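Subject: Structure handover

Hello,

Here is the structure for you to look over. My notes come after it.

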Amino acid sequence: MSRHSDLDLGLVVRGHGRHYIVEDSEGQRRVCHPRGKKSDCVVGDEVRWAPSGSDEGVIEAVEPRRNLLFRQDEWKTKSFAANVDQLLILVAVEPVFSESQLCRALIAAEAAGIPSTIALNKTDLPGSEAARERLAPYRAMGLNMLEIALKGEPQASIEQLTPWLSGKRSFVMGPSGTGKSTLINLLIPDAKAQVGDISQALNSGRHTTTTTQWYWVDGERQSALIDSPGFQEFGVRQVEPAQLPLLMPDLRAHADHCRFYNCTHQHEPGCGVRAAVEAGQISASRYRIYGEILAELTAKRW
Ligand SMILES: Nc1nc2c(ncn2[C@@H]2O[C@H](COP(=O)(O)OP(=O)(O)OP(=O)(O)O)[C@@H](O)[C@H]2O)c(=O)[nH]1
Ligand SMILES: [Mg+2]
Ligand SMILES: [Zn+2]
C-alpha cells in the first residue's frame with residue numbers, strides 16, 4: 001500500500017498554473033496546491049489530497065494513470081488530460097481545418113491508446129461538401145465520423161452525440177473556433193463555457209477557451225466532457241520514427257507488404273505503402289503528411 005492510501009481520492013478538474021481544482025468523492029471542488037515544487041498533474045488525474053487551512057487542500061500524490069494524452073513540440077511537452085475514454089476531434093467547415101493537425105491529433109491519440117471520433121461541425125455553412133471530401137480518407141480508414149451543426153437547430157446533432165457520450169469521459173479537442181465550447185454549453189446547460197464570436201476581429205475581445213476543464217454531463221457523474229483550448233502547433237515527437245506508420249491505420253494496413261522489414265516507405269523498392277498510394281488506396285495527402293512528420297522525427301537537433 002502506498003504511503004498516501006489513507007488519504008481521500010480526488011479528481012483534477014482544472015489546472016490554473018501552480019494550483020489545481022480538485023473534486024472530492026462527494027463532488028465538492030476546492031483549490032489544491034501540489035506538495036513541493038513539481039506540479040505534474042493534469043486534468044483527469046486521480047490524486048490523494050489532504051485538507052489544508054479552512055477550504056483548500058494539498059496534493060500529496062498522483063495515482064498511476066490509465067493513459068495520458070499529450071503533444072510534444074520541439075522544445076516543450078504539453079499534457080492535455082489523463083484517464084480519458086475517448087477523444088472527440090472537432091473540426092469545422094469554417095475555419096478550414098489543417099489536415100496535418102488532424103493527422104497529428106489522431107496519431108497522438110493512437111499512441112496513447114485512446115479511440116477517436118471526428119465530428120465535422122458547422123455543416124449549416126456553405127463549403128460543407130468540400131470539408132466532407134477532405135475527410136473521406138478518414139471515413140475510409142474506418143474512423144467513427146459524425147456531422148453536426150450546433151447553431152440554430154442543434155437538436156438532431158445532440159441526439160446523434162448523446163448515446164456516444166453516455167457513460168464515457170470524452171476529451172473534446174480541435175483547432176480554435178470549431179465549436180467545442182458551444183458543444184459543452186449545449187450538453188451542460190449550466191456550464192457557461194465562454195464562446196468565441198468569430199465575427200469579431202481576431203484577438204479583439206474573443207472569448208476563447210484558455211484552460212482545460214472537466215464538466216459532468218449527468219448528476220450521477222458518469223459521463224464527462226472535457227473542454228480544451230484550441231491548438232495551433234501539434235508536435236508528435238514522442239513517437240519513434242519506426243512506430244509512425246503503425247500509428248496511421250491506412251499506412252499500417254499496407255506496411256506488411258513491403259520488401260524490407262525496416263522500410264520507411266520513402267524510397268525503398270518493393271514498398272507496399274507506396275504501391276497503395278499509387279493505386280489510390282492511401283490518400284496522397286495522408287502520405288505527404290506522413291513524410292513531413294517522419295522528416296521532423298528524424299531531423300537532427302543542433
Ligand atoms: N454557423 C455555425 N457557427 C457555429 C456552429 N457551432 C459553433 N459556431 C460558432 O463558432 C464560434 C466559435 O465557437 P466556440 O464554441 O467558441 O469554439 P471553440 O472550439 O470553443 O474555440 P476555442 O475556445 O478558441 O478553442 C462561435 O461564434 C459559435 O457561435 C455551427 O454549427 N454553425
Ligand atoms: Mg472554447
Ligand atoms: Zn514500405
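The notes below go from the whole chain to one annotated site.

This is a predicted model, in which local features need pLDDT of at least 70, side-chain atom pairs count only at pLDDT 80 or more, and totals for chains, interfaces and linings use all residues. Residues are numbered from 1 along each chain as its sequence is written, chains are lettered from A and ligands numbered from 1 in the order in which they are written, and side-chain values use heavy atoms, with hydrogens and water left out.

The protein chain has eight helices and 13 strands (DSSP runs, numbered from the N terminus: helices are H or I with at least four residues, strands E with at least two). Of its 302 residues, 47% are buried, meaning under 20% relative accessible area with a 1.4 Å probe, protein chains only. Along the principal axes, the C-alpha atoms fill a box of roughly 70 × 50 × 35 Å.

UniProt, in an unreviewed entry, lists Cys258, Cys263, His265 and Cys271 under "binding site"; its positions are in the numbering used here, feature names are shortened, and annotations may be inferred rather than shown by experiment.

His265 is in the loop between α6 (249–255) and α7 (272–278). It counts as buried because its relative accessibility is 3%. Beyond neighbours within four places in sequence, the contacts of His265 (heavy atoms within 4.5 Å) include Cys258, Cys271, Tyr287 and Tyr290.

Cys271 lies in the loop between α6 and α7, and at 7% relative accessibility Cys271 counts as buried.

Regards

Notes. Buried means under 20% relative accessible area, exposed over 50%, partly exposed in between (1.4 Å probe, protein chains only).
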